[in-house]
Amino acid sequence: MDTGGCVTDSLEMARFGRDHDASTLVVAGVRFMGETAKILSPEKRVLMPTLKAECSLDLGCPPEEFRAFCDEHPDRTVVVYANTSVEVKALADWVVTSSVGQQIASYLAGKGEKLIWAPDRHLGAYIQQQTGADMILWSGACVVHEEFKHKALLDMKAIYPNAGVLVHPESPAAVIGIADCVGSTSQILKAATELPMNQFIVATDRGLFHQLRRRNPGKTFFEAPTAGDGATCRSCAHCPWMAMNELHVLRDSLISQANEILIDPTVGARAMKPLQRMLDFPRS
């Protein structure tokens, strides 16, 4: 069904909303996604199905604690992941997504800049390893991606030896080390189409599987295991907060016009500056 909307990552949703002529946007995601849409479209009304939908990366990086952390390293450029609050974004020099974070870190390192990276330590460590950038990492993690298990993934690979392994870089380093492709949501979707394998083991939130199967009807996709030895399930890779965006909750929000995202305009304007740097950054 064509809803006149879009299904994509948080930044592209925000850009879609900014460029759309609608005066009201509804973001079916988690709070930082709604805030990002509001930062890019301060004049528009931004609603969410529920304001209880949070993100472990956002929650794990409280603004005042992060401010103190940055104050301890005043000589460093502050780079924060999109999965952060508007207040944390307002403290940053750059906001990045997983699709462009490595390019921006490499660019800054090439200029001799030393970085603070927040909040996902696994993604930060991967980018640090790939670029050689001098980075101090905030100790945050995604509750979904951190649970993928190296040994269980090897065991699954033994069952499906011809399967490609697609991994989001928020996963632990040992899991990343097995991957045929390490990338963002959009990069995983692209790899699934372009790589020659007909089977894939995918280490990211299972919410992506609908798009993977829709775009590649002739291919088979398996959920990477999050369970260890003795577990009663194989994989539970699903964000509990994203799961709150049920259809009836979305309907109720549209009817009541409730759950509006409100941010301090001054803070939003400060957060827009590092976001704009990323939007203006030339993609390779």
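Me: How many positive and negative side chains does the chain have?
Reply: The chain has 28 positive and 33 negative side chains, where Lys and Arg count as positive, Asp and Glu count as negative, and His and the chain ends are not counted. The centres of the two sets lie 4 Å apart, with the place of each charge taken as NZ of Lys, CZ of Arg, CG of Asp or CD of Glu.

Me: And where does the model come from, before I go on?
Reply: This is a predicted model, in which local features need pLDDT of at least 70 and side-chain atom pairs count only at pLDDT 80 or more, while totals for chains, interfaces and linings use all residues. Residues are numbered from 1 along each chain as its sequence is written, and side-chain values use heavy atoms, with hydrogens and water left out.

Me: OK, how many helices and strands are there?
Reply: There are 13 helices and 10 strands, which are DSSP runs numbered from the N terminus, helices being H or I with at least four residues and strands being E with at least two.

Me: What about the inside, which residues have the most contacts in the largest nonpolar core?
Reply: That core has 73 residues, and those with the most contacts inside it are Ile-39, Phe-66, Val-80, Ile-104, Trp-117, Ile-201 and Met-278. Helix α13, residues 265-280, gives the most to this core, with six residues. A nonpolar core here is a set of buried Ala, Val, Leu, Ile, Met, Phe, Trp, Tyr and Cys residues joined through side-chain atoms within 4.5 Å, and buried means under 20% relative accessible area, with exposed over 50% and partly exposed in between, using a 1.4 Å probe and protein chains only.

Me: Which residues are in the other core?
Reply: Apart from the largest one lies a core of 13 residues, among them Leu-166, Leu-189, Leu-212 and Phe-221.

Me: Switching topic, where is Ser-85?
Reply: Ser-85 lies in the loop between β3 (77-81) and α5 (86-89).

Me: Buried or exposed, and why?
Reply: Ser-85 counts as buried because its relative accessibility is 7%.

Me: What is Ser-85 in contact with?
Reply: Leaving aside neighbours within four places in sequence, Ser-85 is in contact with Glu-35, Asp-58 and Pro-63, contact meaning heavy atoms within 4.5 Å.

Me: And where is Ser-99?
Reply: Ser-99 is in the loop between β4 (94-96) and α6 (101-110), and Ser-99 also counts as buried, at 18% relative accessibility.
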